[in-house]
Amino acid sequence: MSDRTPGVPVRVDPRGPRFAAVLTTLVLLLVLVSGSGVLLAAQAVVFALGAVLGLRWSPYGWLYRRLVRPRLGPPQELEDERPPRFAQAVGLGFAVAGAAGYLSGATWLGIAASAAALAAAFLNAAFGYCLGCEFYLLAVRGRARLSHG
């Protein structure tokens with residue numbers, strides 16, 4: 001049974017996506033060091049679960065809820081889940097492209113896509129700046145302008 005009300009955005013603890021960004025940063029560093037398309041494909045699955053099913057179903061979200069959040073105080077505020085889910089979808093695109101590159105022998109593509117995803121994950125992990133979330137907000141504002149114009 002879902003605790004979600006239709007039409008009402010899911011609200012999440014903003015520390016969860018940042019924790020996920022730390023784990024993603026570590027995985028992507030390992031990908032770049034090892035050149036492992038299989039590891040990047042596994043990260044793509046993590047991104048896909050978060051993007052398609054929601055952050056609650058992401059393995060990193062599960063780890064945060066089970067291992068980290070119980071040791072923290074309650075969040076000062078909650079945030080809309082839609083921007084970080086969009087960021088997961090963007091990460092998925094880069095991870096799929098990178099895994100395809102590594103696994104097909106186009107190592108340059110694997111490196112470029114992994115490095116781009118790593119840069120975005122690191123910005124979130126280190127500074128709390130979610131690049132994919134910002135793109136989501138730009139898209140929403142752009143769509144609103146187009147529909148009113």
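**Close-up 1. Residues touching Asp13 in the predicted model.** In this predicted model, Asp13 touches Tyr64, Arg69, Pro75 and Leu78, when residues up to four places away in sequence are not counted. Asp13 itself belongs to the loop between strand S1 (11–12) and helix H1 (15–34). Because its relative accessibility is 6%, and under 20% counts as buried, Asp13 is classed as buried.

**Close-up 2. Polar contacts of the Asp13 side chain.** The side chain of Asp13, a residue of the loop between S1 and H1, makes a polar contact of 2.8 Å with the side chain of Arg15. A polar contact of 3.5 Å also joins the side chain of Asp13 to that of Arg69, and Arg69 is likewise among the residues that Asp13 touches.

**Close-up 3. The crossing of helices H4 and H6.** Helix H4 (residues 82–104) and helix H6 (residues 131–148) have axes that come within 7 Å of each other and cross at roughly 110 degrees. Since angles of 65 to 115 degrees count as roughly perpendicular, H4 is therefore roughly perpendicular to H6. The crossing in which H4 passes H6 is right-handed.

**Close-up 4. Residues at the contact of H4 with H6.** On the H4 side, the contact is made by Arg82, Pro83, Pro84, Phe86 and Ala87, while H6 contributes Gly132, Cys133, Phe135, Tyr136 and Leu137. Sorted by class, the residues at this contact of H4 with H6 comprise 8 nonpolar, 1 polar and 1 charged.

Technical notes
Residues are numbered from 1 along each chain as its sequence is written. This is a predicted model: local features need pLDDT of at least 70, side-chain atom pairs count only at pLDDT 80 or more; totals for chains, interfaces and linings use all residues. Side-chain values use heavy atoms; hydrogens and water are left out. Axes are lines fitted to C-alpha atoms, for helices over the stretch in contact, and angles run from 0 to 180 degrees between N-to-C directions. Helices (H or I, at least four residues) and strands (E, at least two) are DSSP runs, numbered from the N terminus. Angles under 35 degrees count as roughly parallel, over 145 as roughly antiparallel, 65 to 115 as roughly perpendicular and the rest as oblique. A crossing is left-handed if the near helix is turned anticlockwise from the far one by less than a right angle, and right-handed if clockwise. Contact means heavy atoms within 4.5 Å. Ala, Val, Leu, Ile, Met, Phe, Trp, Tyr, Cys and Pro count as nonpolar, Asp, Glu, Lys and Arg as charged, and the others, Gly among them, as polar. Buried means under 20% relative accessible area, exposed over 50%, partly exposed in between (1.4 Å probe, protein chains only). A polar contact is a pair of N or O atoms within 3.5 Å; within protein, one must be able to donate a hydrogen and the other to accept it, and residues adjacent in sequence count only if both atoms are side-chain atoms.
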